Amino acid sequence: MKRKKLKIVSLVIVLALALLFWGYQKVERFADTPLAIQQEAIFKLPAGTGRVALEGLLVRDKLIRSGKWFPWLLKLEPELAEFKAGTYRFTPGMTVRQMLELLASGKEAQFSARFIEGSRLSDWLQVLQQSPYLKHTLAGKSEAQIAEALGLPADVKPEGRLYPDTYAYTAGMTDIALLKRAHLRMVKSLEDAWQGRDTSLPYKTPEQLLTMASIVEKETAVPEERTKVASVFVNRMRIGMRLQTDPTVIYGMGAGYNGNISRKDLETPTPYNTYVINGLPPTPIAMPSQASLEAAAHPAKTPYLYFVADGKGGHTFTTNLASHNKAVRLYRQALKEKNEQ
């Protein structure tokens, strides 16, 4: 009788162990199951979310097909239950375990906003407005209010004072926080350029160097031309010749610019019309690149006073008005032939 009871107990134990092993395998298989996604998914885990609530969110968003084994996985591997609130990026092929490890790591999804060289503050605000998961606080703010938020003095405009680059951010970051990062980078870059500049240049302040860099940025996209373009404007400043650069005229026209500049536009006074005013305009006209800052700080040593587009993507540089006029005629002829093709 005892032997029979012993066999029964042994059988129960074996069955229990078998059941536990079966359950363990099921949980492990569930943990190694890929999420039910075919493309990248962004998942927001609210603060205070517990185990049951997380399971509900995963099922609701169809990231897992069933939550049957979910609580058992968290009991078997409690370290996976230490998830942190945030916004996360799930990728195809990611398993349930990998997903939980990511939530426990707190490594939130990174997004990016790209600001191109030579863009203006208005362009930056548009990029920010279109950036997902960013907290928008600047909508409807005036330029003066944005300057104040950046910590700039009351008489300083934000134009030119943001370093163009691609900036990473996490969900919930404010747009002004991102701009402050760009501003601090420009402050450092301008300081370095000013400290390392050719001291014979006719700039009285770092701001004038920044303004020159913004003009160079708008005048050419050819890297090897930047220092020559800067040399033309520096040479003009040295002899008291007006800069006469179209990008400053365009900036001064503001919303009135329709893609073309007329003779009337060149003759209409604005604080930025360098066909009318002497020297540099009062502020930068765009966000200059590092290369343009360097070009403004170290222009090439040239005798050039003029340059005009050559129709091939670059410019022809000349030392006198007669040669410049000839280069203009050649450019117009090349443009005409191109349009006739």
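The largest pocket of this predicted model holds about 880 Å³ of space. How do we find such a place? Rolling a probe the size of a water molecule over the atoms shows where empty space is left. Here a pocket is an open set of points, on a 1 Å grid over the protein atoms alone, where a 1.4 Å probe fits, with protein on both sides within 12 Å along at least five of seven lines. Grid points are joined across faces, edges and corners, and the volume is the space filled by probe spheres set on the points.

The largest pocket is lined by 27 residues, and Asp246, Tyr275, Phe307, Val308 and His324 are the closest to its centre; a lining residue has an atom within 4 Å of a point. Helix α13 (321–340) gives the largest share of the lining, seven residues. Among the other elements that each supply at least two are α8 (206–219), α10 (246–253) and β5 (306–309). Helices (H or I, at least four residues) and strands (E, at least two) are DSSP runs, numbered from the N terminus.

Next, let us step back to the whole chain. Its domain assignment gives domain 1 (31–108), domain 2 (110–188) and domain 3 (199–340); such bounds come from an automatic or database assignment. The C-alpha centres of domain 1 and domain 2 lie 33 Å apart, and four residues of domain 1 are in contact (heavy atoms within 4.5 Å) with five residues of domain 2.

What holds the interior residues in one group? A nonpolar core is a set of buried Ala, Val, Leu, Ile, Met, Phe, Trp, Tyr and Cys residues joined through side-chain atoms within 4.5 Å. Buried means under 20% relative accessible area, exposed over 50%, and partly exposed in between (1.4 Å probe, protein chains only). The largest core has 52 residues, and Leu162, Leu178 and Tyr203 are among those with the most contacts inside it. Helix α7 (175–195) gives the most to this core, eight residues. Because domain 2 and domain 3 both give residues to this core, it lies between them. Leu178 touches Ala113, Phe115 and Tyr169, among others, leaving aside residues up to four places away in sequence. A second, separate core of 28 residues includes Leu35, Ala81, Tyr88 and Met99.

Gly106 sits in the loop between α4 (96–105) and β3. Gly106 is partly exposed, with a relative accessible area of 27%; beyond four places away in sequence, Gly106 touches Lys84 and Tyr88.

Residues are numbered from 1 along each chain as its sequence is written. In this predicted model local features need pLDDT of at least 70 and side-chain atom pairs count only at pLDDT 80 or more, while totals for chains, interfaces and linings use all residues, and side-chain values use heavy atoms, with hydrogens and water left out.
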